Amino acid sequence: MHGESSRSLAGTIQLAKSMNRRDLIKLGTGALAAGVTLGTPAAEAARPSGPVEQWNVFEASFPGPSDGNPFLDIAFGATFTHQHRRVDVNGFYDGDGTYRVRFAPDTVGDWSFETTSNVAPLAGHRGSFSCTAPEAGNRGPVTTAHQFHFQYADGTPYFPFGTTCYAYCFVPNPWYALTVKNLKAAGFNKVRACLLPKPLGDLQPIGMPFERNSAAGGDGSGEFDLTRPNPAYFQEVERRIQELMAAGIQADVILFHPYDKWGFKSMGPEADDRYLRYAVARLSAYRNVWWSIANEYDLIKSKSTTDWDRFFRIVQANDPYAHLRSIHQSRVEYDNSKPWCTHASLQQYDFERTAERMAAWNKPIIYDEIQYEGNIARRWGNLSPEEMTHRFWRAVINGAYATHGETYITTDGSPVWSDAGELHGTSPARIAFLRKLLESTGTTGLMAAPAPYYPNAGNAGELVLYSFDYHCVGEYEFPLPTNVSFKATLIDPWAMTKQTIPGVFRGKSKMKLPGKPYLAVLFEKV
């Protein structure tokens with residue numbers, strides 16, 4: 001690759017017109033050819049043969065120099081224009097003399113673009129395309145809403161009910177295919193996954209994110225060249241992120257982690273920054289991407305708070321779509337009030353402190369690690385399914401959200417679910433039941449009542465959700481608003497049942513209850 005000469009000047013554009021199609025997932029982008037004019041006025045630029053949906057991916061690729069080190073030597077990107085708006089987007093080198101730039105238009109209408117580069121063969125390419133309204137299932141990226149909650153770009157409420165599959169991006173088959181199958185069946189709508197590989201016991205990751213220097217013996221086991229990302233590795237990661245997007249699942253991409261035996265957690269500032277810019281350039285156009293700057297950041301001793309602040313700023317500056325950004329801790333909470341944090345990602349289950357944290361940070365809170373359903377020896381990895389379900393309810397009733405994890409012992413060499421593979425537990429069905437319950441209410445999110453007698457959360461005058469936790473309540477007088485009439489539903493979170501309670505309720509409303517623990521009552525305005 002290093003000795004190839006520059007290729008002839010020609011351009012190809014590809015449009016990811018329907019990212020939910022199976023064939024496009026296999027291809028990685030799209031396959032609709034479009035015209036590009038080289039160095040001609042924008043008014044004469046050729047138009048593509050088909051439009052691209054709002055929030056889908058437009059991609060332009062061009063041949064360029066492959067000698068030297070293109071990752072270091074070549075700057076490449078494009079400016080996309082719609083009416084008065086201009087959006088600068090970084091491109092990237094994809095190996096074999098190919099340079100790409102991706103763009104996800106957020107506005108319906110006509111767009112044009114012009115490439116920029118520090119080398120003539122890649123500069124001045126112009127083209128245009130039409131952006132059309134999104135098809136069903138394409139709601140755009142998720143953003144924060146109403147200060148403490150989330151919604152899609154089209155305004156649809158989004159409730160993060162995620163799980164943890166750290167090795168999703170690099171686990172080999174058949175475990176990858178099994179992971180996808182389980183994710184689609186379980187009802188999770190977010191996955192926390194590492195971008196850089198981690199050890200998998202006897203299994204080997206699909207590849208490495210950087211090329212290796214040639215070893216003396218020629219066996220390819222030399223040190224990593226941190227100036228040369230491995231395009232094949234990132235291409236596979238992209239395919240997997242697109243598979244999640246097709247299933248309606250958000251990809252919470254973890255950029256750094258401490259579970260590393262190859263040295264990627266201590267690459268040095270220059271290599272760290274290059275890696276971040278490359279990852280953001282490649283992945284940011286996918287609407288389901290979130291950025292988790294690190295998992296258990298405080299266990300990576302080679303980095304300082306100044307480093308983590310810098311990483312946030314780099315991601316923020318290089319992501320034209322302002323995807324959600326957070327950082328996850330082991331023991332030392334990051335200052336989530338900093339402006340580049342969009343929400344808090346916590347390894348905690350002290351849900352009663354949610355109000356205190358919201359007052360300090362003024363942001364949504366996701367308890368992304370609340371320990372794991374499973375049966376391993378470590379105390380964090382052997383929750384009962386009932387307790388995992390219980391913790392999700394506690395998060396929601398405190399106005400926050402939670403993320404699932406599972407670590408059941410395997411004896412056949414297969415990975416545990418917290419990495420990838422087979423889902424064994426029984427809490428996921430109950431978690432999906434809670435998610436559907438919230439989605440059915442039409443609310444954007446619930447706010448916890450201050451100092452309640454029994455925990456409850458809701459939206460004033462619209463709905464109230466009571467959770468009796470471990471109390472076995474046989475009757476209770478609910479202090480409902482006097483100016484609103486409600487219907488009531490008795491909910492059994494474990495049995496996943498809903499039972500209408502006859503009557504219409506307002507003001508102090510006394511009712512008999514089954515006297516079982518962990519029941520809930522939902523009041524909705526009529």
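Is Tyr454 buried or exposed? Tyr454 is buried, at a relative accessible area of 13%. The legends below describe close-ups of a predicted model.

**View 1. Tyr454 pairs with Tyr476.** The whole structure holds 51 aromatic pairs. In this one, the ring centres lie 5.0 Å apart and the planes meet at 85°, so the geometry is edge-to-face. Tyr454 sits in the loop between strands E27 (447-448) and E28 (456-459). Tyr476 belongs to strand E30 (residues 475-479). The pair therefore ties together parts 22 residues apart in sequence. Tyr476 is buried, with a relative accessible area of 14%.

**View 2. An aromatic cluster contains Trp308.** Phe210, Phe224, Phe256, Trp262, Phe264, Tyr275, Tyr297, Trp308, Phe311, Phe312 and Tyr334 make up one cluster. Not counting residues up to four places away in sequence, Trp308 touches Phe256, Ile293, Ala294, Tyr297, Ile300, Lys303, Ile327 and Tyr334.

**View 3. The largest nonpolar core has 132 residues.** Phe80, Tyr168, Leu195, Leu255, Phe256, Tyr275 and Trp308 touch the most other members. Helix H5 (residues 269-283) supplies the largest share of this core, eight residues.

**View 4. A second core stands separate.** This core has 19 residues. Among them are Tyr454, Phe505, Leu513 and Val521.

**View 5. Two arginines sit over aromatic rings.** The charged end of Arg139 lies over the ring of Tyr152, 5.4 Å from its centre. For Arg313, the charged end is over the ring of Trp340, 5.4 Å from its centre.

Terms used. Residues numbered from 1 in each chain as written. Predicted model: local features only at pLDDT ≥ 70, side-chain atom pairs only at ≥ 80, totals over all residues. Heavy atoms only, no water. Phe/Tyr/Trp six-rings, centres within 6.5 Å; stacked < 30°, edge-to-face > 60°. Helix = DSSP H or I, 4+ residues; strand = E, 2+ residues; numbered from the N terminus. Buried < 20%, exposed > 50% of the residue type's maximum accessible area, 1.4 Å probe, protein only. Lys NZ or Arg CZ within 6 Å of the ring centre and 35° of its normal. Core = buried A, V, L, I, M, F, W, Y, C linked by side-chain atoms within 4.5 Å. Contact = heavy atoms within 4.5 Å.
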